[in-house]
Structures are given as C-alpha cells and as structure tokens.
Amino acid sequence: MLDWSKDPELRVQHLTMRFGGLTAIGDLSFDAGRKQITALIGPNGAGKTTVFNCITGFYKPTEGMINLRHADGREFMLERMDDFIITQKAKVARTFQNIRLFSGMTLLENLMVAQHNVLMKASGFTVGGIFGSGTFKRAENEAIERSKYWLDKVNLTARADDAAGDLPYGAQRRLEIARAMCTGPRLLCLDEPAAGLNPRESDELNTLLRFIRDKHDMAILLIEHDMSVVMGISDHIVVLDYGRKIADGTPQDIKTDPAVIRAYLGVEDEDDAGAAPLIAEAIAAPLPVQKKAKRT
Amino acid sequence: MSGPLKSSSLSAEAQALDTVAIAKDLIGTAIITGLILTPIVAIRTSLDQGALTWHSRFGLAFALTAVVVVVRLLLHVFVWNKRAASAIAPAKPAALTVHRASIADMIGPYVPRALLIFALLLPVLAYASPWGEKRTIDLAIYILTYIMLGWGLNVVVGLAGLLDLGYVAFYAVGAYAYALLSTIYFPYWFGPGIVPWAFYITLPMAGLLAATWGVILGFPVLRLRGDYLAIVTLAFGEMIRLVLINWFSFTNGPQGINVPKATFFGLPFKDEPGGFAAFFNIPYNRIHFYIFLYYLILTLALITYFVTKRLRRLPIGRAWEALREDEIACRSLGINTTTTKLTAFAIGAMFGGFAGSFFAARQGFVSPESFVYIESALILAIVVLGGLGSQIGIVFSAIAIMGSFEVFREMDFMKAILPTGTEPIQFRMLAVGLAMVLMMRFRPRGFVTKREPTVFLKEKKSVSGDLVAEGHG
Amino acid sequence: MEYFLQQLINGLTLGSIYGLIAIGYTMVYGIIGMINFAHGDVFMVGSVVSFIVILMLGITGGSGSFMIILALALVVVIAMLIAAVYNWTIERVAYRPLRGSFRLAPLISAIGMSIVLQEFVRIAQEGRPKPIQAIITGNYEILHRNAAEGVFVVTISNMQIMIIVSTIALMAIFTAIIQRTSLGRAQRACEQDQKMASLLGINVDRTISITFILGAALAAFAGMMFFLYYNVTDFFIGFLAGIKAFTAAVLGGIGSIPGAMLGGMIIGLIEVMWSAYFSVEYKDVAAFTILVIVLIFMPQGLLGKPEVEKV
C-alpha cells in the first residue's frame, strides 16, 4: 500500500476557484506522492483543467494553498508564483489539452526552447552568446544532447529536423511530453495525454510514463478520460465532480467507490454492486478524436 | 470581384463560359466602378485664387470604368475559367495551401553572398549606371536605409510576432538624438571642436536612447495582442511626432533643425583646407560624400543583419519565435514573456535609432514631417512583402518598393495618358497600398515563404510558411 | 460656468460625429473581429463626396432655407450611397477573400486599403484642404448674463442643433433596425457564432456586407456633418477622426452600439475640454493618451464584457 500523504511532492489544500458567481473548484484538498502517478479524473466540466491551471499558475486561486516540496526539502508556495516562475524555479512542467506546440519550428527547436532558462544563463543573457562564448557553445551542445535523449525516448529522433506542425497527432502528444521533460521538471502535469491516441499509442504512452516515473524519479499528475490508461498506470486516483472531490484512493478503491459510480453512471441505487465492473468500460468509451485547433 | 469565390464552387457542366452570368457580373462591375469613380474622379474640384471651381471629367471616369470591365472580362475568359475547370478536382483554399516556390527559394543559399558582393562593388558599378553615378549611389543609400529599417522592424514583427505600427518613432528618436546632441549639447558640454566627431559619438547613444524608448513604449503594451497592439503602437508613434511638432523650445517645432552632415572620422566633405579631399590630396568631388555615406549605411545595415542572424540562433531569438508561435506554451516552459517581448522591442528600436541617426547625418536636416505614420506603414509593407521573418526577402521587397518609386519618377511617358496636373510620382503610395492588399490576397507569405531552422541534427530542412504562425499581432 | 456650458455643447456636437463613426468600427469588430482600418477613410470619402455635391449644386449660405434643406437631403442620400458602395467593395475585395487566412492578413490588407483610399482621393481631388462658406448659419443665445467682468453668453448654433438632433434620430432608427428586424437578428447571430448562424440558414456573407454598408452610411452622414460644421474637408481627415472614433468604440466596449455612442460623446467632450482648459496643441496627444489608457487598462470598455484568457 502506497502512502502519498506521508511525504507528498504536491499538497493541495482547500483550493477554491471562482469565476464570477461560478465555483469551478470548491474546497479541494489532495496530495500527489513522490515518484507516483496521480490521476485526476471526473466527468466533463468537473474542474480538472482548472486545477491544473491553478497549479501551474495560469489562474490565481481564489482561496487555498498549493505546496510543492522537492526531495531536497525546498518548498514552494505555487499559489503565489507567476506561471513562468513556477516552471523555472519550482520545476513544474505541463502539457495542454489542445496541444500547444511551436508548429512552425522543428522538433529539435521545440525542445531547445524548453531549455531556454539554462541556455539564457549560459549565453550570459545574450551578451556572451553574441560574441560566441565557449560556455554557451558547451551549454548548447549539452542542450542538444538532452533533446536527443528525449527525442529518442519518444521515438521521434528520425523526425528531429521536421516542423512540429507536420507531425501526426499522436506524435505531437509525445513531443509535447518530451518538451515538458526538457525543462527538467520535478512534477509533470499532463492534461489528457491519451486523448485521440489509438490503443497501440496508448500502450506506448503508458510505458513512457512509467519510465519517466521510475527512471527520472518524477511525480506525475495526469488528467485522463481513457480508463485503460488511468487504471493501468495510476498509483493514486482523485475523482472530482462539480469541482468537489468525491473520492480519493488507489485504483482498486476507486473502482468500487459508490460515489464514483454514481457520478459516472448516474445510478441512484447504491446497492447495485453489479454496476461496479461496468464502470471501467463505461468511462473508457472511445472519445471523439480531437483535431488540433488551427490557430488563426 | 466575386469571380474567384464563385469559380471554386462551379460544377463540371459550368465549365463552358456562362455568358449570362458573366454579362450580369460585368454590368454589376460597371455599376459599382461607375459609382466609385463618379463623384471623386469625374468631378474635379480645385481651389484657384481662393475660389472653388469644378469641372467634369466624365470621359476619364468612363475610360477607367471601361478598363476595369475589360480586365474583368479578360479574367473571366482566361483566368477564372481555367481555374473553374481545374476545380473539378477537389480544390483547396488557394491562399492557404498552394505552394509556389519564390525566386529566393529557388536560387538558394548563394543569394545572400551574391547580394553582399554586389553591394560592396556597387559604387564601382555605379560608374556605368545609365542614371549617373551620384544618383545611383544616392538611390542605393536610400534603399539601404529602408532595408535596415525593415530588418529592425523584422525583429519585432517578423520574429516576435508583435505588430508595431509606430516604428517610425524610434527612427525619429535616433534622428533627433543626433540633431540635438550635435548642435546644442555637445558644443555646450565639450566645446565646438567636438562637432565633426559628433556622429560617431552620438550613434551608439542614439541606439541606446531608441532602445530605452522601445522599452518605455513596450512596457504598457505587454498585455495587448492583435489589432489593439497595432493601434496603440500607432498612437505612440503619432504622439512622439506631435510632441516633436509642439515642443517648440526643445525641438524647434515644425521648422526642424539644421544639423552637421557626417564627416570622415572628423574630416568634413568640403572643398576647403582640412577637408577630406585636401587631407588625402585628391581633387574635391562631391561624389566622395555619397560613396562614404553608402559604405556607412552598408556597414550599419550589415551589422543589423549579422546581429539579428546571430540573435536568432541564441536562446533569446528562439524565444522570440516561440512567442510568435504560442505565448501560453512559452509561459508553460518557464520563459519570461515580459522580458522576451521587451528585448524584442528594444533591439528593434535600437536599429531604428541607428538608422535615424544616419538619416539626420545624411540629410543635414531633421523635421517632424519625416516621421509620419505613412513611413511606419511603408516599413511594415516592406517587412510583410518580404515575407515575415525573412531577412533576404526584405532586401528584395525594399528594392522593389523603393526602386519602383524611382521608376515612377522616370515614367515621363505616363504623362501622356494621365490627366493634366498629375505626375506619375504621385501614384507611388497608391501603388504601395494596392500592393499590400494584393499581396495579402495572392501571396500572403511574401516573397520568401520558408523559415530556416536555427539548429538541426542531421539535415537543415526549411519549414513551410503554412506552418509558421505570425503571432497574435 | 457659462464657458463650461458652451464647451459642453461643443463637445456633445463633436462627440455625436465620433459616435456615428465609432458605430461602424464596433459593428465590424463585433461581426468579424477585425479593425476596419479603412473605416476612417470611408468617413473621409463621405465628407469629400458631400463637399463635391454641395459645390456642384451651388448652394451657399445665401440660398433660401427650403433650398438648403432640399439640397442637403439630396447630398446626404448621395454621400451615404457612395460611401456604402465604397465600404461594400472594400469588404469584397480586401477582407472577404482573407477570411481563414492568418490573423495579421486582414489587418495588413486594411492598412493597405486605407492608404489606397487616401491616395486615391488625394490624387483625384488635389491635396489641399477645401474650405467653403458656412451654409447653415445662425445661432441662439441660450444664456445671457451681464456681470461686472463683462457679458457672458452661451450659444448653440443651428448647425449644432442639427447635428445633435439628427444623430439622435439616426440612432433611434438604427437601434430599431438592429433590435427589431430579422436583419438585426441575423447580425447578432453572426456575432455569436458564424458557423452556427450559417447552418441555421443565415446568409453570413450578406449579413457581413450589410453590416459594412450600414456602418458606411453612418460614417458618411458623420462626414457630411463634419464638413458642414468645420466648413472644410480634405483627404486626410479620416486618419485622426478614425483613430478617435476607434478609441470611442473601445472605450464604450467594442461590439456594443450604445457603447460606441457613449464613447464618442466622452471622447468629444474630453477633446473639447482639453482644448478649452489646457492646450489646443496637445488635444490630439490627449486623444491618443486616452486610447492607450483605455486599451491597456480597460480593454473591455464601459459597456463591454470582460474576456477570460483560455488556456
């Protein structure tokens, strides 16, 4: 039995987010354990992406605290930090539900942009770089090596010099994860990474996420609708409905949790234990493939 | 004007010319064109000795209408008809997906080198120019100034994707920095002996001042995007010009300021002892000044070119381009978009400031009327026609636009068909405006549509322009 | 106090003109989400066309009032018609083919179109400003006070009455069109969601065209009033008036028609008050400053809706 509350990487306490009169998240508390995959699930409109946006600083929460503690003991209060500082200092990286790649730049460039802060420092904030300093050259080579490593991990080395916008959908999802990893994060937040993937790609994604957790000692927080992914790899699941937490536990706990069943299937009868096995299938129903929205 | 739209939806049997539809369309065109031309062209008002008079020019309006109708007829018969035929195969929206290799794309990587050699040799080649040496070099100086301005604005618009319609403000800051420092402040601080050297001391200061203004004006617009950014920068540009006009005690208002012309490291280009010619013991010739100015602006422009090229390969340049592609993704990667935008504004403004200083030192005179909004629009047109983000494209578009101005000046034969009192040169901005509209419609990516990656693993592949975002404004 | 009242009247007059132009900006922005950069120049075309027609008709301040009213009615119809044709053509030629192109394309095309209009009128009609004798003259003293320091009067001219009254009338008609007719409904539907509107059988292209035509007609009316008020016009008036009207549109909340009128009034008042109490030279700087402040600090405007950034 894993214990995520003993020494959590991320601790969300009493998080509340209101937009005008609408309460998107109400008094949400949960922990995401170190070296664990934590899944955030719930029906559409449950407020999952809003939680992500609060953690990564795109929204300032109305109330509550979001604490991040690295293994070395450094602590960050994310609710007080700007979005880019959260990535820079607190080492939180994220992907987006509707993929946000730099589509006119090559794969390698995408990964290089992710290492902006390291390279910026090495280039002496551009001054040294202009005059071709050796420090910068070395840092750039290291950055290219790191990019190669992650391109390899997501199986995209062959396409390193192609434009990101030319990639098929599944590859774009993988590239976005690789790009997030290039920022050198401690916590990785993935917003529906399996959306639109076929079963084989979903399997590959599972392997990749396990690899990131085990070999890079990462905490992963993920929003997902695809229950085969969620049940297959999560160590810990938090279920949201209408902005409130309705369940929190291991995949086994969640599968049989009456509140979850009610939320997903709308079953009134709590004694209907027969519904429990159905749930995995019900929520794993294929989702419409999302086409990448063209930015115009 | 609805032709190309309709034609894409034409069915196969409509391939043959549909005479009735065309006739209807032509009648419609004639009516619309006639209505557009009747009051403004057919009635010519003029102000003679304080009295307003008018006379009719219905013949001219009729002729122009006829031209429009005939052109449209020809398009119907030869162009749209063909497209309709080929439209049987599922057609894609032309503006988005059709690839046409541009001149620069085809000639490849030797273009910059060839252009550089040509530029270095130009004063020599100018001997053979049919327009005369002085005029040719002067034109080259003029074009190079705009190439430099285009390259400067390219940092802001082309790389960072921030549409700046007030770029001329930084040009003005540079010019006035040189004018005021060299005529008033330097002689006051260091004595009159400094004046011949003023240009060289002021140049970096003008660049810094302009960069500072870039940051000052950039700061408030950080949150703006798209059209709003464009219109606020336009307002800033106009505000600076209005202040230059009205702050009489500081800028001498609309009368402007006479400033010393540039010197050859302290040697003035004058026919006198201590002048350039006397120092080198060669006969005085005014062409020396032009050749000197030419190499001066060439140097400045090349600095702009190489610095920008280098910046693109540095993290800051990549961050600019990433910002143009997706600002939110940038923030999620830990990039401080505030400083990234401000550096783009500052660097772009700095090059504008250099160019402004040069402009003042070349003219020997500055006044607010050189820094009107239309100049900003012109520089923007150069960047847009060149292909957003492409430095080489800007060279071609600057030559095309500025060169065409010169051609307009030369077109004496046009006078025969133009109404009396109009010179071909008057049509130059009209042509620029039309070019902007037509380019957006038929070649929205400009002359150079490909984007060069800044780093590669195995093979450098150009990125098709269709994938490159143009920023949010 | 009298001075202030006088400036108030002047400001409201100018504000009416700005408001009428601003409606064109706001409607176009509402429906296709772009600044019609050439709209200020359509206003200019309206103004120049009214000038030409007035000159051709040969009416002056000395003509009988019946003649003047008749002539002006003709002028306003012609100016509106021609400006509408201009704006319609602009939309067809410069904007419609660019729908679906990248975001900067229509904006750049609009900037080009604005240059084309200015240059076209400049070349065809000389560059110099064209002054005429005032046609509508006469005014009423609405306040008269003899004081120790001198005589204070507040006047309102016939021209000012005409501008304010006709603006109110035009606004009433216009609001009725937008709120009561099926055209107005189609327009509001297109503002919400063009794709859905077209699926429901609304002719989106035609609705957009009509939006441009209506905007142009209002701008042309403003152009004529501007010309009769200042008794001078030229090819360049569209630039400044356009920017100020755009400021008005944003200040009122872009997309909101009452907002545009309200914004116009505020901008007109600020400009007049600034000239009266501070400095005439910097009145345009004041207008630009308001533009910058409004865009940066309250881009949603007074009557607009705030936008939430979507991640």
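Leaving aside its neighbours within four places in sequence, which residues is C:Gln7 in contact with?

Analyst: Happy to! One thing before we start: this is a predicted model. Setting aside anything within four places in sequence, C:Gln7 is in contact with C:Val272, C:Met273 and C:Ala276. You'll find C:Gln7 itself in helix H1 of chain C, which covers residues 2-32. Now look at C:Ser275: 268 residues separate it from C:Gln7 along the chain, yet the C-alpha atoms of the two are 9.5 Å apart.

The axes of helix H17 (residues 373-386) and helix H18 (residues 391-410) of chain B come within 7 Å and cross at roughly 125°. That angle is why H17(B) and H18(B) are called oblique to each other. Their crossing is right-handed. From H17(B), the residues taking part are B:Ala381, B:Ile382, B:Val383, B:Leu385 and B:Gly386, and they meet a set in H18(B) that includes B:Gly393, B:Phe396 and B:Ile401. By class, the residues of this contact are eight nonpolar, three polar and no charged.

Chain B touches chain A too: 35 residues of chain B are in contact with 33 residues of chain A. Helices H2 (83-88), H3 (107-114), H4 (116-122) and H5 (127-130) of chain A each supply at least two residues of the chain A side. H3(A) gives the most there, with five residues. The classes on this side are 12 nonpolar, 13 polar and eight charged.

Last stop, the strands of chain A. Six of them form an open sheet in the order E6-E7-E8-E3-E9-E10, with mixed pairing. Strands E6 (92-94) and E10 (244-249) stand at the edges with a single partner strand each, so one side of each has no neighbour in the sheet. From one strand to the next, the twist averages 15°. Within this sheet, E7(A) (residues 187-191) and E8(A) (residues 219-223) pair in the parallel sense over five bridges. One of the residues to look up is A:Leu187, whose bridge partner in E8(A) is A:Ala219. Helix H1 of chain A (residues 48-55) packs on the sheet, touching E3, E6, E7, E8 and E9, and its direction makes about 145° with that of E7(A).

Chain A also has a hairpin. Its strands, E1(A) (residues 8-19) and E2(A) (residues 22-33), run antiparallel and are joined by eight bridges. A:Met17 has A:Ile25 as its bridge partner in E2(A). Two residues lie between the strands of this hairpin, where A:Gly20 takes a positive phi near 60°.

Methods. Residues numbered from 1 in each chain as written. Chains lettered and ligands numbered in written order. Predicted model: local features only at pLDDT ≥ 70, side-chain atom pairs only at ≥ 80, totals over all residues. Axes fitted to C-alpha atoms, helices over the stretch in contact; angles between N-to-C directions. Helix = DSSP H or I, 4+ residues; strand = E, 2+ residues; numbered from the N terminus. Parallel < 35°, antiparallel > 145°, perpendicular 65-115°, else oblique. Left-handed = near helix turned anticlockwise from the far one by under 90°. Contact = placed C-beta atoms within 7 Å. Nonpolar A, V, L, I, M, F, W, Y, C, P; charged D, E, K, R; others polar. Pairing = 2+ DSSP bridges.
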